[in-house]
Amino acid sequence: MSASLDNTLGAALKVRKEQRLLRVRQVYDGPQGAELTIAGRRYVNFCSNDYLGLARDPALTRALSDGAARFGVGSGASPLVCGHNSSHQALEAELATFTGRERALVFSTGYMANLGVVSTLAGRGDWVVEDRLNHASLIDAAILSRARLRRYPHVDVAALERILAQSASQNKLVLTDGVFSMDGDRAPLAAIARICARHGAWLMVDDAHGMGVLGKTGAGSLEVLGLGTEAVPILMGTFGKAFGVFGAFVAGSHVLIESLIQAARSYVYTTALPPALAETIRVSLRLVRAGSERRKHLSALIGRFTTKAAERGLPLSGSDTPIQPLILGEPSKAIAVSEALKAHGILIVPIRPPTVPKGTARLRVTLSAAHSEDQVDHLIDALAAVL
C-alpha cells in the first residue's frame, strides 16, 4: 500500500524543520511601511521591497479608492475576452513612454510575465542561457519552456560567451536580473549585451529591483547605462517593489508585445489586473518619475549604512543598491541573529536555502526612502551588538 499524502508530506516537513529551513509567515497589522506591528509590538521594518516608501502613500490610496468607485474591484475576464480596460490601455502607453520603447504589456505578476515571455520565445531545440543567481521565476520559465537550459556562474561574462559559442541553435535567449534580488549587485549589462550581439542571442533583463530606484527618472538599470531596445530587446519590470502596488509589465517592440498578446499563456489564460489597480499604478508611475528626492534620500541612506557598517566591521557584500545582504552561512545562525534583532525592535527575516545557495543563509537588509537616518543608525548599532 502506498503511503498516504499527509504521511509523505509530513515526513518532508519534519526534515525541513530539523534542518532549520521551515518557513513561517509573519502576520502584521496595519499598512506596509518602514514600521510594522506584529502581535502588538512595533518593529522597524528592514526586509520590505517598498524601496521608495510608496506602498502607503496617500495619493495611491486615493487612486485605488477612486478607481474602485469608478471601475469596481474586478476586471471580470481575461484581457482577450472583456478584461482589458481603458485604464490598462493608458497604463501600457505610459509605460512605453517611460521605458523608451514602442509598446508595453501589463501582467498580473512578475512571475507570470517571465513565464509568458520565455514560453513564447523559446521551445524545444532552442537555448536559454541565464545567470545562476537569477530569480526563481526566470529559472522556472526556462525549465517549463522545454528549451535547453544552460546556466553560467554568477556575472561571469566569459562563461556566458563560451556557452553561446557552443550553440548552433537559431534561437538563443539570454536571461538576467538587472539587480540581483538576494545579493543586491548589478549585472554587467553592457558587456552581456555586446556578447549577445556577437552571437545573435536575444537579451531579456528582469529589472524588478532596479525599476523605480535607479536612473534619473527611475527607469532602472537600462536608463543608467543608456541601453535601448536594440541592445536589450526585452525588459521586464514589476509594480510590487519600488512602485508600491502590485503587478508587472514587459516592454519592447511592437512585434514583441503583439506576439506576447497572441501566445503568452500566462497572459492569455488569466484574469486581467483590476482596472482600479491599473489606475493606482498610473499615479505611482507619475510619483516614480518625479521622485528624484526620494531616490536621493534613499541613496544617502545606502551610503550611510554601508559606511557605518564598514566602520563596525560588519560583513557586507559591497552592494550599492537598497539590498544589503549579510551572509551568515548556516540557517541556524541567520535565525538566531534575526531573533536577536527583534529584541532591539528590528524586523529582518532570515533568508535560507533553497532561496539562496547552501552555506549562504543571510539577513537580507533592505533600505527604503521611508526610513530615517536615526532608524538606519539604530540598525547599525543593533547589528554590531548581536553579530
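## Helix α13 against helix α15

Helix α13 passes helix α15 in a right-handed crossing, where right-handed means that the near helix is turned clockwise from the far one by less than a right angle, and left-handed that it is turned anticlockwise. The structure is a predicted model, in which local features need pLDDT of at least 70 and side-chain atom pairs count only at pLDDT 80 or more, while totals for chains, interfaces and linings use all residues. Residues are numbered from 1 along each chain as its sequence is written, and side-chain values use heavy atoms, with hydrogens and water left out. Helices (DSSP runs of H or I, at least four residues) and strands (runs of E, at least two) are numbered from the N terminus.

α13 covers residues 292-311 and packs on α15 at an angle of about 25 degrees, with the axes 10 Å apart. Axes are lines fitted to C-alpha atoms, for helices over the stretch in contact, and angles run from 0 to 180 degrees between N-to-C directions. The two helices are therefore roughly parallel to each other; angles under 35 degrees count as roughly parallel, over 145 as roughly antiparallel, 65 to 115 as roughly perpendicular and the rest as oblique. On the α13 side the contact (heavy atoms within 4.5 Å) is made by L301, R304, F305, K308 and A309, and on the α15 side by E373, V376, D377, L379, I380 and L383. Seven of these residues are nonpolar, none polar and four charged. In this classification Ala, Val, Leu, Ile, Met, Phe, Trp, Tyr, Cys and Pro are nonpolar, Asp, Glu, Lys and Arg are charged, and the others, Gly among them, are polar.

## Helix α14 against helix α15

The axes of α14 (residues 331-342) and α15 (residues 373-386) come within 10 Å and cross at roughly 130 degrees. This pair is therefore oblique, and its crossing is right-handed. V337, A340 and L341 of α14 meet A382, L383 and V386 of α15. The residues of this contact are six nonpolar, no polar and no charged.

## The sheet β10-β13-β12

Three strands form an open antiparallel sheet in the order β10-β13-β12; strands count as paired if DSSP finds at least two bridges between them. Its edge strands, β10 and β12 (350-351), each pair on one side only. β12 is joined to β13 by two bridges, and P350 stands opposite L363 in β13. Helix α14 packs on this sheet, touching β10, β12 and β13, and its direction makes about 40 degrees with that of β13.

β10 (residues 323-329) and β13 (residues 361-366) pair over six bridges, with T366 in β13 as the bridge partner of I323. Six of the seven residues of β10 are buried, that is, under 20% relative accessible area, with exposed over 50% and partly exposed in between (1.4 Å probe, protein chains only).

A second open sheet has three strands in the order β1-β2-β11, with mixed pairing. β1 (35-38) and β11 (346-347) stand at the edges with a single partner strand each, so one side of each has no neighbour in the sheet. β1 and β2 (residues 41-45) run antiparallel and are joined by four bridges; R41 in β2 is the bridge partner of I38.

D50 lies in the loop between β2 and α2 (58-71) and counts as buried because its relative accessibility is 7%. Beyond its neighbours within four places in sequence, D50 is in contact with A55, K241, G244 and S368. D50 and P322 are 272 residues apart in sequence, with their C-alpha atoms 10.0 Å apart in space.
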